[in-house]
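Open the structure in your viewer and keep the selection panel at hand. We will go stop by stop, with something to select at each one.

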Amino acid sequence: VAYMLHAAVPLLIEAGVHMPGVHGGDTRRVALEAYPGLLARELIERRSYKSDEKAKHTTDRLIARKDLLTRLENGQTRLALRLKLTHAQGDALVQDASGDSLDAVLCMVQAGWAARQGSPNYGLPAELDSLEGWIVTC
């Protein structure tokens with residue numbers, strides 16, 4: 001995480017985006033930190049749903065991805081959002097055993113929640129450590 005922070009933040013600053021509580025920038029372009037595992041654990045607890053290793057692309061992980069997606073589509077989160085997908089989109093997310101696509105969707109849902117909370121804090125605490133930042137929906 002520290003590597004990503006040090007690699008990404010300078011690029012975000014250079015891009016001029018606004019990072020609430022961390023760095024001022026163009027408030028029409030807001031960058032927030034999301035953590036897909038946080039929402040995934042809320043939905044399927046500690047069940048593993050992904051792996052980069054082909055040997056670990058198991059039926060149990062496939063079922064976990066299906067369960068995760070079903071719960072997102074049914075709005076079974078504290079975020080009060082429902083994911084709407086076509087069948088093809090849902091199938092593609094379930095078939096991606098690496099979980100990268102599903103992680104992106106989990107981040108998108110967290111970003112949607114933050115957008116609903118609105119400016120200026122997007123659901124973040126009014127006061128936060130500008131060096132640490134804050135993960136949306138924590």
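**First stop: helix 3 and helix 4**

Select residues 59-73, helix 3, together with residues 87-95, helix 4: these two pack at an angle of about 140°, with their axes 9 Å apart. Helices here are DSSP runs of H or I with at least four residues, strands are runs of E with at least two, and both are numbered from the N terminus. Axes are lines fitted to C-alpha atoms, for helices over the stretch in contact, and angles run from 0 to 180 degrees between N-to-C directions. Helix 3 is therefore oblique to helix 4; angles under 35 degrees count as roughly parallel, over 145 as roughly antiparallel, 65 to 115 as roughly perpendicular, and the rest as oblique. The crossing of helix 3 and helix 4 is right-handed, the term for a near helix turned clockwise from the far one by less than a right angle, with anticlockwise being left-handed.

Now show side chains. Leu 62, Arg 65, Lys 66 and Leu 69 of helix 3 touch Gly 90, Leu 93, Val 94 and Gln 95 of helix 4, where contact means heavy atoms within 4.5 Å. By class, this contact has four nonpolar, two polar and two charged residues. Ala, Val, Leu, Ile, Met, Phe, Trp, Tyr, Cys and Pro count as nonpolar, Asp, Glu, Lys and Arg as charged, and the others, Gly among them, as polar.

**A step back**

Before going on, note that this is a predicted model, in which local features need pLDDT of at least 70, side-chain atom pairs count only at pLDDT 80 or more, and totals for chains, interfaces and linings use all residues. Residues are numbered from 1 along each chain as its sequence is written, and side-chain values use heavy atoms, leaving out hydrogens and water.

Zoom out to the whole chain: five helices and two strands, in the order α-β-β-α-α-α-α. The C-alpha trace spans about 45 × 30 × 25 Å along its principal axes.

**Helix 5 and its partners**

Look for Arg 65, Leu 68, Leu 69 and Leu 72 of helix 3 against Leu 102, Val 105, Leu 106 and Val 109 of helix 5. That contact divides into seven nonpolar, no polar and one charged.

**Two backbone details**

Follow the chain to Glu 45, in the loop between helix 2 and helix 3. Its phi is near 55°, a positive value in a residue other than glycine. Then jump to Pro 120, in the segment after helix 5: the peptide bond from Ser 119 to Pro 120 is cis, with omega near 10°.

**Last stop: a pocket**

Which residues line the second largest pocket? Select Tyr 35, Pro 36, Gly 37, Ala 40, Arg 41, Ile 44, Glu 45, Arg 46, Arg 47, Ser 48, Tyr 49 and Lys 50. They comprise five nonpolar, two polar and five charged residues.

Technical notes
1 Å grid on protein atoms, 1.4 Å probe; cavity = no way out; pocket = protein on both sides within 12 Å on 5 of 7 lines; lining within 4 Å.
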